[in-house]
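Reader: I am new to reading protein structures. Could you walk me through this one, feature by feature?

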Amino acid sequence: MTTQTDVPNTHETLDTSGLLCPLPVYKAGMVLGRLEPGQVLELICTDPGSLQDIPAMARQRGDTLVASEDLNGTQRFWIEKGTKQ
Amino acid sequence: MTLPASEAATDSGVEPKPKRLALVASKGTLDQAYPPLILATTAASLGWEVGIYFTFYGLDILHQDRFEKLRVASLANPAGPIKIPNLLGAVPGATAAATKVMKSWMKKASMPDLPEFIEMAQGLGVRFFACATTMGVMGVDESDLIEGCDIAGATAFLDFAADADVQLFV
C-alpha cells in the first residue's frame, strides 16, 4: 500500500483498532451514512483483512478512497463520501 | 484512486438499483449462525438489500427461546474448539464445553454475540424470512419468533432471490 502525505481535510475519525470483520465496515458504514457527500472519514483499522476490505467498501458504496497508509500493522484510510447515494 | 463501479451506470441519469444479497441459513449451531449474519451485516453496510431465509435448523436463529442458547457441536466436528478424540464429543458436557470455548473466543476478539448481530442486521434493514414449512414441521408458532420476521415459503424467498446479485446457502 502506498503512503500519501497529501491528506484531505478530515471531518470525522473512526478508530476500529482491535476489531475484526465485519465491525470496521459496519461502523464505517454508520458514520459515512450520516456524513454529507464530499466529507472525508479517516478510518483506522488493525484487521489485516481491512487492507482489502476498505477499498472494496469504498467501491461498493460509491465512496472514494482518497488516501491510505499502512504503518506497522495500523492502517489509515481517508474515504470521501460519494454524491450518488 | 479508483472510480466507484457505479460511476458509469449513474452517468445515464438513471438511479442505479442497489445490489442484492440472498442468503439461506439452514444450520442451527452457534458457529454456523455467525457466517450468514456477518455476510448480511457487511452487505447491508455497503448499501445492498439483504434477505436471509431461515430454514430447518436455521430457524432456531430466529427462535426467541433458542437463539441465545445455540451451541457448538462437539461430536462429528473435528475442527471444533475443543481438541478431543471425536467419539469423546458424545460425553455429557462436551457440547457445553465446546460452546463455552467458542463464546470466549468471540468475546476475546471483541466480536458481537448472536443477539447483538441480529440487532445489528435488523437495524440495517436486513429482511428475515422465516420458513413457513419449517414452522409447520417443527411446531414453531409466529409468537415463538423474534420481532420483525416475514413468514414465507420457498416461492416468496425465490422471488426475492431471483433479483439478487449474490445468492449463498449456508
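Author: Let us start with chain B. This is a predicted model. The secondary structure of chain B comes to six helices and five strands.

Reader: In what pattern do they follow along the sequence of chain B?

Author: Read the elements off in sequence order. For chain B this gives α-β-α-β-α-α-β-α-β-α-β. For extent, take the C-alpha trace along its principal axes. In chain B the spans are about 65 × 45 × 25 Å.

Reader: Now the interface. How many residues of chain B are in contact with chain A?

Author: Contact here means heavy atoms within 4.5 Å. By that rule, 22 residues of chain B touch 19 residues of chain A.

Reader: What area do chain B and chain A bury between them?

Author: The two chains bury about 1,700 Å². Carbon and sulfur atoms account for 66% of that area.

Reader: Which helices of chain B supply residues to the side that touches chain A?

Author: Helix H1 (7-10), helix H2 (30-45) and helix H4 (114-123) of chain B each supply at least two residues. H2(B) gives the most, with four residues. By type, this side of chain B has twelve nonpolar, seven polar and three charged residues.

Reader: How many salt bridges and polar contacts link chain B and chain A?

Author: Take the two counts in turn. Three residue pairs are in polar contact, with both residues at pLDDT 80 or more.

Reader: Next, helix packing. At what angle do H1 and H2 of chain A pack?

Author: Look at both the angle and the spacing of the axes. Helix H1 (residues 23-34) and helix H2 (residues 50-61) of chain A pack at about 35°. Their axes are 11 Å apart. H1(A) passes H2(A) in a right-handed crossing.

Reader: Which residues make that contact between H1(A) and H2(A)?

Author: From H1(A), they include A:Pro24, A:Ala28 and A:Leu32. From H2(A), they include A:Ile54, A:Met57 and A:Arg61. The contact residues divide into six nonpolar, three polar and two charged.

Reader: Last, the backbone. Is the peptide bond from A:Cys21 to A:Pro22 cis or trans?

Author: Check omega. That bond is cis, with omega near 10°. A:Pro22 lies in the loop between strand S1 (12-15) and H1 of chain A.

Reader: What is the phi of B:Phe56?

Author: B:Phe56 has a positive phi of about 45°, although it is not a glycine. B:Phe56 sits in the loop between strand S2 (49-54) and helix H3 (94-108) of chain B.

Note on methods. Residues numbered from 1 in each chain as written. Chains lettered and ligands numbered in written order. Predicted model: local features only at pLDDT ≥ 70, side-chain atom pairs only at ≥ 80, totals over all residues. Heavy atoms only, no water. Buried area = accessible area lost by both parts, 1.4 Å probe. Polar contact = N/O pair within 3.5 Å; in protein donor to acceptor, adjacent residues only side chain to side chain. Nonpolar A, V, L, I, M, F, W, Y, C, P; charged D, E, K, R; others polar. Axes fitted to C-alpha atoms, helices over the stretch in contact; angles between N-to-C directions. Left-handed = near helix turned anticlockwise from the far one by under 90°.
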